[in-house]
Amino acid sequence: KPVILLLLNGRPLTIQWENEYCTAIVECWFPGTEGGNAIAEVVFGLYNPSGKLTMTWPQNIGQIPVYYNCKDTGRPFNLMNTTKLNNQLYQDDKDRSRYIDLSTNNPLYPFGYGLSYTKYDYQSPLIVNKNLLHGDNDQLIVSVTVQNIGQYDGEEIVQLYVSDPVASDVTRSCKELKNYKKLLLRSGEQQEIQFNVTVEDLKFYNQNLEYIWEEGEFIIHIGPNSQETQIIIINWLKE
């Protein structure tokens with residue numbers, strides 16, 4: 001029989017078994033006095049949920065602490081690092097950071113993850129108004145087309161993240177959430193959504209606690225969560 005698991009909790013859990021065997025999982029958190037009515041409307045299809053997780057859920061407690069905006073380990077620097085031996089190329093795993101008893105380093109549910117009764121397609125490529133920008137007053141416009149390819153109307157939260165691979169005196173997070181937009185899509189409908197990125201989205205605190213931005217290469221990510229994103233690389237110079 002189809003089994004729906006309702007979770008009432010205040011923090012992420014390790015639910016690998018439940019993820020594999022339950023037909024659906026509804027994260028209810030602590031919903032308050034009207035929670036029962038709200039949960040019933042979701043379970044019986046009177047409301048199509050659109051919520052996204054505001055924290056990362058690990059596969060195993062050994063992954064904790066786990067969060068989307070972590071610092072890069074730097075291993076390996078080259079993802080295609082190979083060793084040539086007897087004219088054969090072998091992938092070099094000795095410098096990789098990975099779990100021996102897990103199939104992947106990825107979390108069970110990444111930050112920003114969430115499902116509904118319909119599905120959304122992000123397969124259109126990201127489009128930018130320019131790849132090279134200059135100065136404090138320039139602006140990057142990134143657009144993507146999202147389509148509801150399911151049978152039901154729904155609301156999707158499109159998320160934009162920014163990565164700054166190199167900084168002068170501090171290490172940067174792998175990516176940081178900078179913007180999001182929620183849109184209503186009827187079944188079969190598609191919309192083009194635009195984000196405006198300014199230098200405010202590039203800023204960080206340096207070692208002197210000055211809130212600055214530095215010129216260089218930046219990676220723009222857009223997707224339904226922090227893990228399943230499309231990327232485009234741009235360069236932003238001071239002058």
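**Pocket and strand**

Guide: In this predicted model, the lining of the largest pocket comprises 19 nonpolar, 14 polar and 8 charged residues (Ala, Val, Leu, Ile, Met, Phe, Trp, Tyr, Cys and Pro count as nonpolar, Asp, Glu, Lys and Arg as charged, and the others, Gly among them, as polar). Local features need pLDDT of at least 70, side-chain atom pairs count only at pLDDT 80 or more, and totals for chains, interfaces and linings use all residues. Residues are numbered from 1 along each chain as its sequence is written, and side-chain values use heavy atoms, with hydrogens and water left out.

Visitor: Which residues lie nearest the centre of the largest pocket?
Guide: The lining of this pocket has 41 residues in total. Nearest the centre are C70, K71, D72, T73 and C174.

Visitor: Is S163 buried or exposed?
Guide: S163 sits in strand β9, residues 154-163 (strands are DSSP E runs of at least two residues, numbered from the N terminus). Because its relative accessibility is 4%, S163 counts as buried (under 20% relative accessible area; exposed is over 50%, partly exposed in between, with a 1.4 Å probe and protein chains only).

Visitor: Which side chain does S163 join in a polar contact?
Guide: Beyond its neighbours within four places in sequence, S163 is in contact with residues including C174, F218 and H221 (heavy atoms within 4.5 Å). A polar contact (a pair of N or O atoms within 3.5 Å, one able to donate a hydrogen and the other to accept it; residues adjacent in sequence count only if both atoms are side-chain atoms) of 2.7 Å joins the side chain of S163 to that of H221.

Terms used
Helix = DSSP H or I, 4+ residues; strand = E, 2+ residues; numbered from the N terminus. 1 Å grid on protein atoms, 1.4 Å probe; cavity = no way out; pocket = protein on both sides within 12 Å on 5 of 7 lines; lining within 4 Å.
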